[in-house]
Amino acid sequence: MENKGIKLEIKDAGGKTGVKLIVIDGELDAMTSVQLERVVEPIINKEKCLIFDCTNLKYMNTAGLVLLLKCYTNMKRKNGDFIIVNPNKLIYEILDLSGMFNFFKVYNTREEAISSIKENA
Amino acid sequence: MDWLNMELSPNLAFVAGIRTCVSRIAYNFGFNEREAYHIEMVVDELCSNAIEYGSKKKSGKVRLECKFFKNRMELTVRDYGGKKFDVDEVLERGDRLIRSKPPAGHLPEATRGRGLSIVRKLVDRFDIKTGKSGTLVMIVKKRSPDES
């Protein structure tokens, strides 16, 4: 799953059932968020928890923010969970000033994110 | 003062290249990494809006002008069509979406509308004029003093 703007890798998270990890590499904007949304939709319908690993996400605009909010609301609607891992400091600032931390959980590492699911289970 | 002008047909495929280009140039003119990132977001949002909402006709165009001064950058994005909109209403809605903290059991609005409010937070001056002949957005982004 690749184009010039974004590369996505979908993984099982630590062998846990119902938890999917999507590793995002590249830029999330009006063009690439459409691509990510297509990938995410069937996962949201099927899984209990969705984790976005943003370690290699270099840029995100408001189209990306809206997609994150959609993921969050769709997972919450079915009592699921949505977690962000390790956004860089520039993206973190944008998430902060756009009010996203009123909703999302953000962890520094995949391991922390995955263990938080266990703790909350 | 140095300057850069661009004119483009209304196609979102331009935006990634233009935002990266302007941001890189700003960095070369002495803006730090964080400021250049803010400029990249501002260019992205303003050009995307001008293409999506200000250029309904295929013959439409969007014009971007950047002026680089010693301590700041001035940027204008202009479109020549689209529908007139209530600027205060758009900004108020964006601010409300950003501030919103739904009570327990309620979910946030996963809708668009935050873009201009975020742009306003990232810049030092923000002006917008809209009318029958299109929309003009002008921003000023100041540069941090050199650390050396």
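Biologist: What does Lys105(A) form a salt bridge with?
Modeller: With Asp81(A), the closest N and O atoms being 2.7 Å apart. A salt bridge here is a side-chain nitrogen of Lys or Arg within 4 Å of a carboxyl oxygen of Asp or Glu. This is a predicted model, where local features need pLDDT of at least 70, side-chain atom pairs count only at pLDDT 80 or more, and totals for chains, interfaces and linings use all residues; side-chain values use heavy atoms, without hydrogens and water. Residues are numbered from 1 along each chain as its sequence is written, and chains are lettered from A and ligands numbered from 1 in the order written.

Biologist: Which parts does the pair tie together?
Modeller: Lys105(A) is in strand β5 (residues 105-107) of chain A and Asp81(A) in strand β4 (residues 81-85) of chain A, so the pair ties together parts 24 residues apart in sequence. Helices (H or I, at least four residues) and strands (E, at least two) are DSSP runs, numbered from the N terminus.

Biologist: How many salt bridges over all chains?
Modeller: The search of the whole structure finds 19. Between chain A and chain B the count is three. Asp29(A) forms a salt bridge with Arg19(B), with the closest N and O atoms 2.8 Å apart.

Biologist: Which elements give two or more residues to the side of chain A that touches chain B?
Modeller: β3 (49-60), α2 (62-77) and α3 (89-97) of chain A. α2(A) gives the most, with nine residues.

Biologist: And how many residues are in contact?
Modeller: 27 residues of chain A with 28 residues of chain B, contact meaning heavy atoms within 4.5 Å.

Biologist: How much area do the two chains bury?
Modeller: About 2300 Å² between them, 66% of it on carbon and sulfur atoms. Buried area is the accessible area (1.4 Å probe) that two parts lose on being put together, summed over both. In chain A, Tyr59(A), Leu90(A) and Leu97(A) lose the most area to chain B, together 25% of what that side buries.

Biologist: Switching to chain B, how do β4 and β5 pair?
Modeller: Strand β4 (residues 125-131) and strand β5 (residues 134-142) of chain B pair in the antiparallel sense over seven bridges; pairing requires that DSSP finds at least two bridges between the strands. β4(B) and β5(B) form a hairpin with two residues between them. Thr130(B) has Thr135(B) in β5(B) as its bridge partner.

Biologist: What is the mean pLDDT of chain A?
Modeller: The mean is 89, and 93% of the residues of chain A reach 70 or more. pLDDT is the predictor's confidence in each residue, from 0 to 100.
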